Amino acid sequence: MNSSSVKEDFVLVGFSDQPNLEKILFVVVLVSYLLTLVGNTVIILISSTDSKLRTPMYFFLTHLSLVDICFTTSIVPQLLWNLRGPAKTITALGCAVQLYVSLALGSTECVLLAVMAFDRYAAVCKPLHYAAVMNLRLCQALAGVAWLSGVGNTLTQSTVTLWLPRCGHRWLHHFFCEVPSMIKLACVDIHANEVQLFIASLVLLLLPLALILMSYGHIVKAIIRIKTVQAWRKALGTCGSHLMVVSLFYGTITAVYIKPNSSYAHTYGKFISLFYTVVTPALNPLIYTLRNKDVKVALGRLFHRLSGLE
């Protein structure tokens, strides 16, 4: 990091131009964060302790829940602090940590959702070979690839972004330190950085999205061939939750990273980012719980065991 960035704090402008909205957002963000912590912790607990949920689907869901908890925790506490009080600053070190951690976890989630789509493809299209294909070693390897992709991306993108000279510019028109908004503070030509960001977005956003769409293309073909209504409903049930989560996450994050300089991203960028950093992680546990019979049954068993301990 250059010397000027080490000495100066950053000002997160966020939603400070709308003080009445800040009060509403504080409540919404706080409630969403609590739902994220409780909901995802419950999913991790039941997936780890319930023997009937020790399948590849719930192995990856556990990783997704862990990513969501850490992702929101890297952003929300600072956001709540800034929404509540007049101070809108974040230290240079705090900004750097937030940038590295949030980008690593966001990138990990992109790849992890593609891995989960492949798991659903194997479950629906290769049911007889599912256990052999999605063995524990492969599941661990795929999860490892997702985490390493996130770490590799943030080590490259965040480091290059923080080394950009800013000539004293420290007013960040965002509510957290994120690459698209950070590079706009630079006082040099950032065309190369924008190209790098676009290429990284292609690899970690559009490539996983393409793999997801391919997986679901094969799943749709398999569902059409299913003759019984019960099997058809089961196939839809096992994919519906994941497809909904993918739509919520990719539908918002691509608007910010694929075309960061578009008028749409400039006008609504903060609200779009708020959705995929705060709202989506809170909705994920609800989606998987409300739409999944196995999770509901496992929750019942967990509450039964807990009540028996009293």
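## Burial and salt bridges in a predicted chain

Of the 310 residues that make up the chain, 49% count as buried, and it should be kept in mind throughout that the model is a predicted one. The secondary structure comes to 12 helices and three strands, and the radius of gyration of the chain is 21 Å, close to the 19 Å given by the globule rule for 310 residues, so the chain is as compact as a globular protein of that length. Along the principal axes, the C-alpha trace spans about 65 × 50 × 35 Å. Among contacts between residues at least 6 apart in sequence, 79% join residues at least 24 apart.

Side chains of opposite charge can pair when their charged atoms come close. How many salt bridges does the structure hold? There are two salt bridges, and they are set out in the table below.

| Salt bridge | Distance between the closest N and O atoms |
|---|---|
| K88 with E22 | 2.8 Å |
| R120 with D119 | 2.7 Å |

In the salt bridge between K88 and E22, K88 lies in the loop between helix 4 (76-84) and strand 2 (89-90) while E22 lies in helix 2 (residues 19-49), so the pair ties together parts that are 66 residues apart in sequence. K88 is buried, with a relative accessible area of 12%, and E22 counts as buried at 9% relative accessibility. In the other pair, R120 is buried with a relative accessible area of 5%, and D119 counts as buried at 2% relative accessibility.

Terms used. Residues are numbered from 1 along each chain as its sequence is written. This is a predicted model: local features need pLDDT of at least 70, side-chain atom pairs count only at pLDDT 80 or more; totals for chains, interfaces and linings use all residues. Side-chain values use heavy atoms; hydrogens and water are left out. A salt bridge is a side-chain nitrogen of Lys or Arg within 4 Å of a carboxyl oxygen of Asp or Glu. Helices (H or I, at least four residues) and strands (E, at least two) are DSSP runs, numbered from the N terminus. Buried means under 20% relative accessible area, exposed over 50%, partly exposed in between (1.4 Å probe, protein chains only). The radius of gyration is taken over C-alpha atoms; the globule rule is 2.2 Å times the number of residues to the power 0.38. Contact means heavy atoms within 4.5 Å.
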